Amino acid sequence: MQPRNMSMSGVVDLAAVKAAQEAKAKAEQARAEAARQGGGPGAVSPADLVIDVDEAGFELEVLQRSTEVPVVIDFWAEWCEPCKQLSPVLEQLVLEYNGRLLLAKIDVDANQMLMQQFGVQGIPAVFAVVAGQALPLFQGAAGKEQIQQTLDQLVQVAEQRFGLTGLTVDPDAAPGAERVAAPAAPAGPYDALLEAAVQALDAGDFGGAVQAYKNVLSDDPGNTEAKLGLAQAELLYRVQGLDPQRVRQDAAAKPGDVAAQVAAADLDLVGGHVEDAFGRLIETVRRTAGDDRDAVRVRLLELFEVVGPDEPRVIAARRALARALF
């Protein structure tokens with residue numbers, strides 16, 4: 001079976017983006033609390049980078065460790081011949097990353113519940129868990145070079161979106177040192193308001209979600225989760241009720257119409273066409289001047305917030321915007 005690429009470079013899923021930001025914040029809180037208590041992650045042995053995991057140890061060994069380091073999951077079975085070819089390659093590569101990845105090997109015969117929870121349809125199947133978020137990587141056998149490209153991307157996503165830099169590896173450390181669960185992140189002062197905003201989003205009350213996020217930001221302007229949530233809620237509020245066909249016809253017929261291009265860019269982004277949305281607005285910036293240009297620039301910056309400031313496509317678009325402006 002040819003590997004099925006399911007990596008992180010696809011369309012923008014607004015719910016997934018929000019979950020990623022929440023997971024990043026929780027991971028940072030957990031690491032900060034562990035450091036405060038003097039219980040931060042210490043050096044590990046290379047032998048601890050490849051571990052066997054079962055259902056009983058999954059929360060500690062995978063979910064909680066994923067707040068420190070991306071955990072690659074290898075679903076395998078003794079009878080699976082392709083697994084016997086893939087697993088040694090994964091083990092070797094993870095060791096070469098020297099602490100930037102952890103490999104958890106799960107025997108599907110002994111852990112049917114985990115197999116079902118991840119929706120595994122066949123083996124070998126490889127997933128990753130980053131800051132508590134599951135990411136499907138590929139299914140089936142794959143060559144070392146292709147696997148390494150996928151793992152390179154995983155490491156990049158973990159560092160840029162979640163701030164995970166991995167574990168310190170010490171060849172002299174004793175293998176199998178006891179791993180202590182990271183402390184639960186303390187509840188923040190705005191959890192109730194943020195939860196209300198999420199419930200409003202789920203109910204389709206985008207105006208209510210906008211107001212709830214603004215309430216948080218009025219007291220805490222730097223709240224990352226509220227800033228991201230507000231950008232998403234405002235985007236969904238703007239596209240609610242739009243006729244996509246009419247909007248795209250107007251944009252095609254009126255390339256110099258700022259309102260038409262801005263509305264089309266919003267629909268592009270909601271549909272996952274990130275480069276199209278950014279490119280449309282950057283080109284509109286080039287065509288316009290004065291207040292019109294400033295309005296387009298502001299909308300583009302708002303869309304950057306939705307996707308995430310560290311996302312590679314946002315970084316590239318910022319450079320393109322600077323060239324268009326100056």
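Two strands are taken to pair if DSSP finds at least two bridges between them. On that basis, this predicted model contains an open sheet of five strands with mixed pairing, in the order β1-β3-β2-β4-β5. Its edge strands are β1 (50-52) and β5 (133-139), each of which pairs on one side only. From one strand to the next, the twist averages 25°.

In general, strands of a sheet pair through backbone hydrogen bonds, either parallel or antiparallel. Strand β4 (residues 125-130) and β5 run antiparallel and are joined by six bridges. Phe127 has Pro136, in β5, as its bridge partner.

| Helix | Residues | Strands it lies across | Angle |
|---|---|---|---|
| α3 | residues 81-96 | β1, β2 (71-76), β3 (102-107), β4 and β5 | about 155° to β3 |
| α5 | residues 144-162 | β2, β4 and β5 | about 165° to β5 |

The structure holds one disulfide. This bond links Cys80 to Cys83, with an S to S distance of 2.4 Å, which falls within the 2.5 Å cut-off for a pair of cysteine sulfur atoms. Because the torsion about the S-S bond of Cys80 and Cys83 is about 80°, the disulfide is right-handed. Are these cysteines, Cys80 and Cys83, buried or exposed? Both Cys80 and Cys83 are buried, that is, each has under 20% relative accessible area.

Conventions: Residues are numbered from 1 along each chain as its sequence is written. This is a predicted model: local features need pLDDT of at least 70, side-chain atom pairs count only at pLDDT 80 or more; totals for chains, interfaces and linings use all residues. Side-chain values use heavy atoms; hydrogens and water are left out. Helices (H or I, at least four residues) and strands (E, at least two) are DSSP runs, numbered from the N terminus. Axes are lines fitted to C-alpha atoms, for helices over the stretch in contact, and angles run from 0 to 180 degrees between N-to-C directions. Contact means heavy atoms within 4.5 Å. Buried means under 20% relative accessible area, exposed over 50%, partly exposed in between (1.4 Å probe, protein chains only).
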